Amino acid sequence: MNDLSCIVSNFFEKVNLQEFAQSALQPLPDDRLASRGIRAEVLRIDRLHPQISGNKWLKLKYNLMEAARQGKRRLLTFGGAYSNHLYATAAAGKLLGFETIGIVRGERVEPLNSTLRFAEEAGMQLHFVSRADYRQKHSSAFIEHLHALFGDFFLVPEGGSNVHAVPGCMELPGEWSSAYDYILLPCGTGGTLAGLALAAAAHQKLIGVSVLKGGAFLYEEVKRLQEAYAGHHTQNFEIWTDYAHRGYAKTTEALRLFMQDWQRQYPSVPIEHVYSAKMFYAFFAEVEKGYFPSGSRVLLIHTGGLRVEHE
């Protein structure tokens with residue numbers, strides 16, 4: 001094991017996920033739930049690390065271990081202007097000694113928003129590309145072009161979701177989580193849902209709340225990630241696609257009002273409009289529709305997210 005591998009392994013192995021998860025559960029008392037016989041708790045994995053927030057910590061763990069194993073000290077990844085993944089990758093690079101390059105969708109707009117400003121201040125080299133070019137991020141020709149610009153690098157895909165992300169997410173469920181019938185989480189690229197669904201107990205249903213407009217493609221993406229890692233895909237998940245509120249990092253008046261009500265009722269659980277608010281909004285909307293039978297026990301995973309400016 002080289003020096004970089006030791007640094008990365010020691011950093012991630014400081015956290016015992018099973019012990020952390022049990023300490024990070026928070027009840028969600030609400031008359032709307034009690035009247036229907038539903039119990040819900042929030043798993044605050046947003047508390048895993050102040051900068052490598054929530055599921056980004058889980059997905060980066062084995063990506064960075066693999067980069068270190070290969071002896072690569074330069075990471076290149078992709079994201080939009082409000083990408084938690086770019087933020088987390090920049091933070092991890094600064095903490096662990098990686099150079100970081102962020103390929104950002106769209107033009108550079110000054111002043112930078114808080115997400116991109118942090119990434120740049122953490123040492124990430126931001127490279128802005130047109131939306132048309134960004135759509136080519138999976139093409140070998142575009143990746144070769146990036147190698148010509150930046151030299152050798154370890155490629156981490158948008159959102160950190162690849163075969164290396166899955167095992168980190170699989171490590172979160174354990175004996176502590178077997179009491180829940182439903183597990184909900186926001187879903188952007190599918191990596192977290194893929195890992196959790198592989199590791200879930202047989203009786204559990206996983207529900208990903210798409211934060212993207214037109215998120216139906218995530219079904220196949222989750223299956224692809226599962227098959228790449230485990231050789232098979234599971235049938236224990238579904239994806240709700242009706243709660244994107246205009247799309248990624250966008251919002252609606254209904255979501256803004258929900259967030260205001262949420263902060264009055266649950267001031268100790270911060271949420272933002274990109275990920276967490278959309279999941280909690282979807283949960284209560286489906287409670288009202290009668291989706292969850294009486295007696296259900298529901299776990300809502302707060303996967304992190306940043307307080308970013310509204311569009």
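The protein chain contains 13 helices and 10 strands, taken as DSSP runs (H or I of at least four residues for helices, E of at least two for strands) and numbered from the N terminus. Its radius of gyration, taken over C-alpha atoms, is 19 Å, close to the 19 Å that the globule rule (2.2 Å times the number of residues to the power 0.38) gives for 311 residues, so the chain is as compact as a globular protein of that length. The C-alpha trace spans about 60 × 40 × 35 Å along its principal axes.

The model is predicted: local features need pLDDT of at least 70, side-chain atom pairs count only at pLDDT 80 or more, and totals for chains, interfaces and linings use all residues. Residues are numbered from 1 along each chain as its sequence is written, and side-chain values use heavy atoms, with hydrogens and water left out.

Of the 311 residues, 57% are buried (under 20% relative accessible area, 1.4 Å probe, protein chains only). Contacts (heavy atoms within 4.5 Å) between residues at least 6 apart in sequence join residues at least 24 apart in 75% of cases.

Neighbours within four places in sequence aside, L64 contacts V8, F12, L75, A92, L96 and F98.

Technical notes. Buried < 20%, exposed > 50% of the residue type's maximum accessible area, 1.4 Å probe, protein only.
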